[in-house]
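Here is a colleague's note, written as numbered points, to be read slowly beside the sequence and the 3D view. Please keep both open while working through the points.

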Amino acid sequence: SRFGNAATTVTFGPYVRLHAPRVTATGRHRIRLDTITPVVIRSAGRSARRPTKFLLWSALTQAFPARLGVELDVHAVGLELVASRTEVVHMPMGKIGGGAVVGWSGSVTLDVNPLGRWLLECADRLGLGGKTAFGFGRVRVTDVAAEDPVDGEPPAFEDIDVVSGVAAEK
């Protein structure tokens, strides 16, 4: 077959059935989110240059549940940004996407409740943020500590108000 003016061969890997992740432990989970490909998350019409608590929370609670085919109470998703080591990445999109896309790459340490952990495990399988169809947003989720989740209450959202169904940072 042809793609544009070039002869193209399309190949696919073996069939893979995705399974929903199982999160059975309660309490706070400390995890590390490592990017495999840069993550693109848009907020207020602009691409985020670094991950923030609000951007990660909104990426998991706004459009992502629709991709999964689930409904969830956004107030039930607990997420706290503990640390991040990321850098800004500019990626040319060429003629297909039109121009360049700005995103971030690196690792982020988070404290999450079981629902937040489940959503991040889904992101591990499906991608996080926008432009996942172009290969962006591939992430890996791992436990920071080898032992079970850290004891304590799930993270709260003192810094986030939900107004008319749209999250806004204080």
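1. The side chain of Thr 35 makes a polar contact with the side chain of Ser 105 at 3.0 Å, where a polar contact is a pair of N or O atoms within 3.5 Å; within protein, one atom must be able to donate a hydrogen and the other to accept it, and residues adjacent in sequence count only if both atoms are side-chain atoms. The side chain of Thr 35 also reaches the backbone nitrogen of Gly 106, at 2.8 Å.

2. Before going further, note that this is a predicted model, in which local features need pLDDT of at least 70 and side-chain atom pairs count only at pLDDT 80 or more, while totals for chains, interfaces and linings use all residues. Residues are numbered from 1 along each chain as its sequence is written, and side-chain values use heavy atoms, with hydrogens and water left out.

3. Thr 35 belongs to strand E3; helices (H or I, at least four residues) and strands (E, at least two) are DSSP runs, numbered from the N terminus. Thr 35 counts as buried because its relative accessible area is 15%, given that buried means under 20%, exposed over 50% and partly exposed in between, with a 1.4 Å probe and protein chains only. Leaving aside neighbours within four places in sequence, Thr 35 is in contact (heavy atoms within 4.5 Å) with Trp 104, Ser 105, Gly 106, Arg 138 and Val 139.

4. Strand E3 (residues 29-35) is joined by 6 bridges to strand E7 (residues 99-112), and the two run antiparallel; strands pair if DSSP finds at least two bridges between them. Within this pairing, Asp 34 has Ser 107 in E7 as its bridge partner.

5. In what order do the strands of the open sheet lie? The 4 strands follow the order E6-E7-E3-E8, with antiparallel pairing. The edge strands, each pairing on one side only, are E6 (79-93) and E8 (139-143).

6. Ser 84 lies in strand E6 and counts as partly exposed because its relative accessibility is 39%. Leaving aside neighbours within four places in sequence, Ser 84 is in contact with Pro 51, Ser 107 and Val 108.

7. Helix H1 (residues 53-61) lies across E6 and E7 and runs at about 80 degrees to E6, where axes are lines fitted to C-alpha atoms, for helices over the stretch in contact, and angles run from 0 to 180 degrees between N-to-C directions. H1 is mostly covered, with 9 of its 9 residues buried.

8. A search of the whole structure finds 1 aromatic pair. Phe 54 and Trp 57 form this pair, which is tilted, at 6.5 Å centre to centre and 35 degrees between the planes; rings of Phe, Tyr and Trp (its six-membered ring) pair if their centres lie within 6.5 Å, and planes under 30 degrees apart count as stacked, over 60 as edge-to-face and the rest as tilted. Because Phe 54 and Trp 57 are 3 residues apart in helix H1, about one helical turn separates them.

9. Helix H4 (residues 114-126) lies across E3, E7 and E8, running at about 140 degrees to E8. Its buried residues include Leu 119, Leu 120 and Cys 122, and what covers the buried residues of H4 includes E3, H1, helix H2 (64-68), E7 and E8. Just after H4, Gly 127 takes a positive phi of about 105 degrees.
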